[in-house]
Amino acid sequence: MRGAEEVTFGGAGLDRAAQLRGKPGEMARLLVDPDARILPIWRGKPLFLGEAGGWLPLGHAVQGEALEPPIFLGLDNGAPRFACDISPWEPEEEPETLGAFFDPSEQRHPSLSPDLRFAELRGLMTQLSPREAELIATAKAVTGWHATHGFCARCGAKSAPAQAGWQRDCPSCGAHHFPRTDPVVIMLITHGDAILVGRSAFWPEGMYSLLAGFVEPGETIEAAVRREVFEESGVRVGAIEYLSSQPWPFPASLMFGCRGEALGREITLDEDELEDAMWMTRQEVVDAFAGLHPKVKPARKGAIARFLLERWLADRLD
């Protein structure tokens, strides 16, 4: 699909400089580069300055809250970029919304200026430049992986970061572990002039989206599309076409956007998967985007679902 990489978190040409990760001498040099900057992440929330990442000089006091070495993200026009997880820091107050689907609260560290705050990426992702979005999404995903994979999956021993944060090694059995990315299919299922949407019972009121699900081991993308749609809605799907992909660091997925042609419109809902599913005409989708639909709110900006819906409305799925 033309313009496929225009999706939020899409390819911005970041030089990840993977060839430098296993070279301690090079990493030592980059860590003292005067142009090097680091992005702290607190419990999944990146540091922001206005509507951009809150990049700090290496060695800033807030970096002392981290329990592990900085993670090398790559070179941004030649300047080294790192990330660190400072989740052990405990603010004076922790909001009840922490860990919710969307946490609107913001936290400020006492060693930082008041205009720097930790905030939910979902709320700011559409305001970032493509390069900022790619860097911050990468930082969030990799720090999140370290936070949940600190022990060897083979023997259970405590593992240690390696390869500038892109690997964890087990000192007990010698196993190597690498950041995981979960493949997910998200489907624009059409039948005539209508599309299939659904909602989870745990989503905010009025939130509907395209159907989606994880790709299982030994399964193709096409097979996953047909299986997930049928399991959730009972709708059979015929022809399938790949459209676009999106890294989705909530926590660490790669969304494969596909288009599928339904063989019928009868819905048999799996209530363990979805609270509701329905067909929406083009006019209904237009009304939802304008905030005029009585039941459905506009699709979230920045998500690949919105990206695909906008191109479907504009007949740009080619």
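Is Phe9 buried or exposed? Phe9 is buried, at a relative accessible area of 4%, where buried means under 20%, exposed over 50% and partly exposed in between (1.4 Å probe, protein chains only). Some notes from going through the model follow.

1. Ground rules. This is a predicted model, in which local features need pLDDT of at least 70 and side-chain atom pairs count only at pLDDT 80 or more, while totals for chains, interfaces and linings use all residues. Residues are numbered from 1 along each chain as its sequence is written, and side-chain values use heavy atoms, with hydrogens and water left out.

2. Phe9 sits in the segment before helix H1 (24-31); helices (H or I, at least four residues) and strands (E, at least two) are DSSP runs, numbered from the N terminus. Leaving aside neighbours within four places in sequence, Phe9 is in contact (heavy atoms within 4.5 Å) with Leu121, Met125, Ala133, Ala137, Gln246, Pro247, Trp248, Pro249 and Phe250. Met125 is 116 residues away along the chain, yet the C-alpha atoms of Phe9 and Met125 are separated by 8.3 Å.

3. The cores. A nonpolar core here is a set of buried Ala, Val, Leu, Ile, Met, Phe, Trp, Tyr and Cys residues joined through side-chain atoms within 4.5 Å. The largest one has 68 residues, and those with the most contacts inside it are Phe9, Phe72, Ile86, Leu121, Ile195, Leu210 and Met280. Apart from it lies another core of 18 residues, including Met187, Val215, Ala224 and Val225. Back in the largest core, Leu121 touches Phe9, Pro46, Phe48, Leu128, Ile136, Lys140, Pro249 and Phe250, not counting residues up to four places away in sequence.

4. Pro251 belongs to the loop between strand S14 (237-248) and strand S15 (253-262). For background, most peptide bonds are trans, and most residues other than glycine have a negative phi.

5. Positive phi values. Ala17, in the segment before H1, is not a glycine but has a positive phi of about 45 degrees. Ala17 counts as buried because its relative accessibility is 2%. Asn77 also has a positive phi, near 55 degrees, and lies in the loop between strand S5 (71-76) and S6. Asn77 is exposed, with a relative accessible area of 74%. Then there is Asp315, which follows H6 and has a positive phi near 55 degrees.

6. How H5 and H6 pack. Two packed helices are described by the angle between their axes and the distance between the axes. For helix H5 (residues 282-289) and helix H6 (residues 304-313), the axes come within 11 Å and cross at roughly 125 degrees. Axes are lines fitted to C-alpha atoms, for helices over the stretch in contact, and angles run from 0 to 180 degrees between N-to-C directions. H5 and H6 are therefore oblique to each other; under 35 degrees would be roughly parallel, over 145 roughly antiparallel, 65 to 115 roughly perpendicular, and the rest is oblique.

7. Who meets whom. On the H5 side, Arg282, Val285, Val286 and Phe289 meet Arg306, Leu309, Glu310, Trp312 and Leu313 of H6. By class, that contact has 6 nonpolar, no polar and 3 charged residues. Nonpolar covers Ala, Val, Leu, Ile, Met, Phe, Trp, Tyr, Cys and Pro, charged covers Asp, Glu, Lys and Arg, and the others, Gly among them, are polar.

8. H6 itself. In H6, 8 of the 10 residues are buried, so it is largely enclosed by the rest of the structure. The buried ones are Ile304, Ala305, Arg306, Phe307, Leu308, Leu309, Arg311 and Trp312. Ala305 also turns up beside Ser209, which touches Val197, Gly198, Trp203 and Ala305, not counting residues up to four places away in sequence. Ser209 is in strand S13 (residues 209-214) and counts as buried at 13% relative accessibility.

9. Two more spots. Ala79, in strand S6 (residues 79-85), is buried at 10% relative accessibility. Asp272, in the loop between S15 and strand S16 (276-281), is exposed, with a relative accessible area of 76%.
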